[in-house]
Amino acid sequence: MTAFPEFFSLVFSNQLLAPLFLSSLAAFVASIGLIFVAIRSDWSKRYAPLFALVASGLLLTMVLTHLAPEALQAHEYSPIVMLCGFFLGLFLHDTLRTILPGKNSVTLAAGLTPMIAIAIHSFFDGMIYTVTFARGVDTGFMATPGLILHEFPEGIVTFALLRGAGFSNRTSFLLALFAAGLTTPLGTITAIPVIYGVDPKGLELMFALSAGLLLFVSTGPLMAHMKDEHPVRSIPALALGVVLALI
């Protein structure tokens, strides 16, 4: 029984082990959400447009209330970088529509673009774990609860979007697990070798890029599903995403 307190004491007192453990926990939380929707795969595919609208509200609120304000205050070039992130999303989406099979290119791009955006954002989240714990254990603990909790809906939404785009249950699960789960500890590990040389201003620029990318995804491919659903269903789904993000 005493082994567990000793283990956690060792992990959370270490500025390298703590972020790695917590980012892995975030990946585990995302996996739980994925398992839940993978079991009900047909249901997830049927209601994929509603999941997309929930994701739209979730990501748009996260950008406008959290990512963008912090990034814009941190660096004078953040507005330009955020704009670049928006057009990066547009370029990525249109490129996917061009290179993917003609008949299903729009549908496939609508699933893959949000997945790639979420993967990039989750990778930056993983870097944040390492950076915050390098500044202090207390700082790390204050920053991580929100990072961990929002992985759950991200995993569910990514899977539903991929299923709605026509990917198989297995492929959707693996892609969503990578995008919403595994990229987080990958970002943590990537940041460890250079942690003491990371410029906080540079990190804010990365989040400005992420904010612009997610802004495009939330108002473009995801919001486009408004036309697929009746307002009686689409507006509550969008509002649910906003509420989840605020919580």
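Which helix holds serine 218? Serine 218 sits in helix H10, residues 200–219; helices are DSSP runs of H or I with at least four residues, and strands are runs of E with at least two, both numbered from the N terminus.

## Basis of the model

The model is predicted, and local features need pLDDT of at least 70, side-chain atom pairs count only at pLDDT 80 or more, and totals for chains, interfaces and linings use all residues. Residues are numbered from 1 along each chain as its sequence is written, and side-chain values use heavy atoms, with hydrogens and water left out.

## Chain

The chain has eleven helices and zero strands. Of its 247 residues, 49% count as buried (under 20% relative accessible area, with exposed over 50% and partly exposed in between; 1.4 Å probe, protein chains only).

Contact means heavy atoms within 4.5 Å. Among contacts in the chain with a separation of 6 or more, 79% are between residues 24 or more positions apart. The chain exposes about 11900 Å², of which carbon and sulfur atoms supply 72%; accessible areas come from the Shrake-Rupley method with a 1.4 Å probe, and for residues only the protein chains shown count as cover.

## Serine 218

Serine 218 is buried because its relative accessible area is 0%. A polar atom of its side chain lies 3.1 Å from the backbone oxygen of leucine 215. Not counting residues up to four places away in sequence, serine 218 touches Ser56, Leu59, Leu60 and Met223.

## Histidine 93

Histidine 93 is placed in helix H5. Histidine 93 counts as buried because its relative accessibility is 10%. Leaving aside neighbours within four places in sequence, histidine 93 is in contact with Ala109, Ala110, Thr113, Phe216 and Pro221.

## Second largest pocket

The second largest pocket holds about 330 Å³ of space. On a 1 Å grid over the protein atoms alone, a pocket is an open set of points where a 1.4 Å probe fits, with protein on both sides within 12 Å along at least five of seven lines; lining residues have an atom within 4 Å of a point. Grid points are joined across faces, edges and corners, and the volume is the space filled by probe spheres set on the points.

Its lining has 19 residues, and Val106, Thr107, Ala110, Pro221 and His225 lie nearest the centre. Helices H4 (48–74), H5 (78–99), H6 (105–135) and H8 (151–164) each give two or more residues to this lining, and H6 gives the most, with four. By class, the lining has ten nonpolar, six polar and three charged residues (Ala, Val, Leu, Ile, Met, Phe, Trp, Tyr, Cys and Pro are nonpolar; Asp, Glu, Lys and Arg are charged; the others, Gly among them, are polar).

Conventions
Polar contact = N/O pair within 3.5 Å; in protein donor to acceptor, adjacent residues only side chain to side chain.
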